[in-house]
Amino acid sequence: MPRNPKILLVDDESSIRLLFRTFLERAGFEVEEAEDGETAFVKIHKFDPDVILLDILMPVRTGNELVAEIKEWKPTIEIIMVTGLASDEMKAECLAKGAFAVVNKPVVFETLKSIIASALQKKGIHLDGGGAELTPGSV
């Protein structure tokens with residue numbers, strides 16, 4: 001039976017997390033939240049997400065700092081960076097460190113869903129309207 005893909009939202013703004021959670025759950029994703037990088041590492045261990053939506057500009061540790069650490073620890077997790085203020089240089093740095101994509105705020109949710117679907121396909125998970133289906137040999 002197909003399972004719903006798992007997404008971890010990492011953003012220091014609770015209103016942003018709520019907005020994203022609402023959209024993602026309606027789209028059929030299983031969602032967990034983290035308000036900072038330290039909480040994100042705990043959630044990654046417990047929740048084992050397929051995709052992480054990671055804000056770039058957060059207090060204490062930026063998403064830019066976290067992306068390489070996450071990819072080194074869990075290279076199969078696809079990371080989509082989300083930002084409203086990052087420079088082109090910072091976006092390029094995130095991609096160089098292993099981010100799958102960088103999405104600007106305000107987010108067009110249908111575009112985000114398409115980017116998430118592409119990230120999942122890279123992992124061998126294909127969206128099917130209600131959930132996801134793993135292709136043989138996928139992780």
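This is a predicted model: local features need pLDDT of at least 70, side-chain atom pairs count only at pLDDT 80 or more; totals for chains, interfaces and linings use all residues.

Student: What percentage of the contacts in the chain with a separation of 6 or more comes from residues 24 or more positions apart?

Tutor: The chain has 139 residues, and 47% of them count as buried. Among contacts with a separation of 6 or more, the share from residues 24 or more positions apart is 60%.

Student: What span should helix 5 have, and how far apart are its end C-alpha atoms?

Tutor: Helix 5 covers residues 109–122, which is 14 residues. At 1.5 Å a residue, the span should be 20 Å. The end C-alpha atoms agree with that, being apart by 20 Å.

Student: Where around helix 5 do its buried residues lie?

Tutor: The buried residues in helix 5 are L112, I115, I116, A119 and L120. Around the axis they cover an arc of only 140°, so they lie on the same side of helix 5. In general, an α-helix has 3.6 residues a turn, so residues three or four places apart point the same way. The place asked for is therefore the same side of helix 5.

Student: Which residue with a positive phi follows helix 5?

Tutor: The phi in question is near 85°. The residue that has this phi and follows helix 5 is G124.

Student: How are helix 2 and helix 3 oriented to each other?

Tutor: The axes of helix 2 (residues 37–47) and helix 3 (residues 63–73) come within 12 Å and cross at roughly 20°. An angle under 35 degrees counts as roughly parallel. Helix 2 is therefore roughly parallel to helix 3.

Student: Which residues of helix 3 meet helix 2?

Tutor: Helix 2 passes helix 3 in a right-handed crossing. From helix 2, G37, F41, I44 and H45 take part. The residues they meet in helix 3 are L66, E69, I70 and W73.

Student: Is K71 buried or exposed?

Tutor: K71 lies in helix 3. Beyond its neighbours within four places in sequence, K71 is in contact with I77, E78, I79, K97 and G98. Its relative accessibility is 15%, and buried means under 20%. K71 therefore counts as buried.

Terms used:
Residues are numbered from 1 along each chain as its sequence is written. Side-chain values use heavy atoms; hydrogens and water are left out. Helices (H or I, at least four residues) and strands (E, at least two) are DSSP runs, numbered from the N terminus. The expected span of a helix is 1.5 Å times one less than its number of residues. Buried means under 20% relative accessible area, exposed over 50%, partly exposed in between (1.4 Å probe, protein chains only). The arc is that of the directions from the helix axis to the C-beta atoms. Axes are lines fitted to C-alpha atoms, for helices over the stretch in contact, and angles run from 0 to 180 degrees between N-to-C directions. Angles under 35 degrees count as roughly parallel, over 145 as roughly antiparallel, 65 to 115 as roughly perpendicular and the rest as oblique. A crossing is left-handed if the near helix is turned anticlockwise from the far one by less than a right angle, and right-handed if clockwise. Contact means heavy atoms within 4.5 Å.
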